[in-house]
Amino acid sequence: MLTDTLAKAILDLEEEQVIVLVKERLAKGDSPLDIVESLQKGMSEVGKLFETGEFFLSELVMCGEIMKDAMDVLEPHLIDSHSGNKGNIVVGTVKGDIHDLGKNIVVMLLKGAGYNVIDLGVDVPIEKFVEAAKESKAPLVGMSVLLTGCQEAMKQTIDAIRAEGLNTKVIIGGNYIDELVREYVGADYFANNASDGLKVAKQIFS
Ligand code: B12
């Protein structure tokens, strides 16, 4: 039973209510990242209902659309006027995976903190990650994955980056990522939310 009203509204797919609650919480002075956390909680519940067959793909799509609308409201509060001169970071969702809502939040937050983010989008081929890391000489590459089936693609992408001998740290993120996954795919860091990702970036660029 969800006690967080915003999480509950997204679980109920109440689009208008979600936007009203997001605006109310911003007006109250809540941090945009706490609001994202509530949305994420609700979406996780939607995912569970999809898994058990109570929700179908249409509900998953709708939940994604609601999240996009909520992010339109939150975006100006996550991004400020920094110029992006703190250094390059390459970010993308791995090959085979088209989930991008979480990645986009990470991108917004990094841009907001002044990094120049090279966003490769979704379903990113291994070579594209390697090329971008090489060309930009980015000290950090961030990879997003939500599908367990795409873990292997993530491992292959990291292997390919290492094979080039690039001096690049790799951070992976996604809802199910943990230390075991990090170790298996050979990443340097992992994060389950955007703010932990930002902390790692700050550490690397410090
Ligand atoms: C919305 C959604 C969709 C939308 C995505 C819309 C979009 N534009 O992204 C649509 C409808 C397209 C979709 C499609 C599918 N989905 Co889907 N989807 C979801 C759902 C409900 C929410 C995901 C989400 O956006 N969460 C909100 C964001 C904010 O959270 P987040 O992604 O976790 O990101 C945060 C952190 O993880 C972290 N993070 C994420 N990336 C990164 C990267 C870095 C570098 C860092 C530092 C941090 C970081 O920071 C973010 C912000 O805090 C999840 C359920 C869940 N538990 O996540 C299922 C889920 C991921 N989907 C699932 C499935 C199965 C699918 C489909 C295969 C369904 C189908 N039969 O077609 C397809 C896959 C298509 C593909 N090839 O990718 C499964 C995956 C199961 C598995 N074990 O692999 C899940 C878990 C649902 C479930 N429980 O069954 N999906």
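Q: What makes up the shell around the ligand, by class?
A: The model is predicted. Its ligand shell has 20 nonpolar, 17 polar and five charged residues.

Q: How many residues surround the ligand, and which are the closest?
A: There are 42 residues around the ligand. The closest are G47, G102, G142, G173 and G197.

Q: Which elements give two or more residues to the shell around the ligand?
A: Four are helices: α3 (32-51), α4 (57-78), α5 (101-112) and α9 (194-205). The strands are β3 (140-144) and β4 (169-173). The largest share comes from α3, with nine residues.

Q: Why is the ligand said to lie between domain 1 and domain 2?
A: Domain 1 (5-78) gives residues to the shell, and domain 2 (88-205) does too, so the ligand lies between them.

Q: What separates the two domains, and how many residues are in contact?
A: The C-alpha centres of domain 1 and domain 2 lie 24 Å apart. Nine residues of domain 1 are in contact with nine residues of domain 2. A contact here needs C-beta atoms within 7 Å.

Q: Which elements form the side of domain 1 that touches domain 2?
A: Those giving two or more residues are α3 and α4. Helix α4 gives the most, with six residues. By class, this side of domain 1 has five nonpolar, two polar and two charged residues.

Q: Why does the radius of gyration of the chain agree with a compact globule?
A: The chain has 206 residues, and a compact globule with that number would have a radius of gyration near 17 Å. The chain has 17 Å, so the value agrees. Along the principal axes, the C-alpha atoms fill a box of roughly 50 × 40 × 25 Å.

Q: What is the secondary structure of the chain?
A: The chain has nine helices and five strands. From the N terminus on, the order is α-α-α-α-β-α-β-α-β-α-β-α-β-α.

Q: What share of contacts joins residues at least 24 apart in sequence?
A: The share is 73%, taken among contacts between residues at least 6 apart in sequence.

Q: What share of the chain is buried?
A: Buried residues make up 38% of the 206 residues. The cut-off for buried is 20 or more other C-beta atoms within 10 Å.

Q: Which residues touch the most other members of the largest nonpolar core?
A: They are I10 and I172, in a core of 58 residues. This core draws at least three residues from each of domain 1 (5-78) and domain 2 (88-205). In soluble globular proteins, nonpolar side chains tend to be buried together.

Q: What is I172 in contact with, leaving aside its neighbours within four places in sequence?
A: I172 is in contact with M143, V145, M154, I177, R182, V185, A187 and F190.

Q: Why is L60 called partly exposed?
A: L60 has 15 other C-beta atoms within 10 Å. Buried needs 20 or more and exposed needs 12 or fewer, so a count in between is partly exposed. L60 lies in helix α4. Beyond four places in sequence, L60 is in contact with V46, F50 and F55. The C-alpha atoms of L60 and V170 are separated by 29 Å.

Q: Why does L33 count as partly exposed?
A: L33 has 16 C-beta neighbours inside 10 Å, so L33 counts as partly exposed. L33 lies in helix α3. Its contacts beyond four places in sequence are A194 and S195.

Q: What makes the phi of L13 stand out?
A: The phi of L13 is near 55°, a positive value in a residue other than glycine. Most residues other than glycine have a negative phi. L13 sits in the loop between α1 (5-11) and α2 (15-27). With 17 other C-beta atoms within 10 Å, L13 is partly exposed.

Q: Why is K137 called exposed?
A: K137 has 11 C-beta neighbours inside 10 Å, so K137 counts as exposed. The cut-off for exposed is 12 or fewer. K137 is in the loop between α6 (126-136) and β3. Its phi is positive, about 50°, although K137 is not a glycine.

Note on methods:
Residues are numbered from 1 along each chain as its sequence is written. This is a predicted model: local features need pLDDT of at least 70, side-chain atom pairs count only at pLDDT 80 or more; totals for chains, interfaces and linings use all residues. A nonpolar core is a set of buried Ala, Val, Leu, Ile, Met, Phe, Trp, Tyr and Cys residues joined through C-beta atoms within 7 Å. Domain bounds come from an automatic or database domain assignment. The radius of gyration is taken over C-alpha atoms; the globule rule is 2.2 Å times the number of residues to the power 0.38. A residue is near a molecule or strand if its C-beta atom, placed from the backbone, lies within 6 Å of it. Ala, Val, Leu, Ile, Met, Phe, Trp, Tyr, Cys and Pro count as nonpolar, Asp, Glu, Lys and Arg as charged, and the others, Gly among them, as polar.
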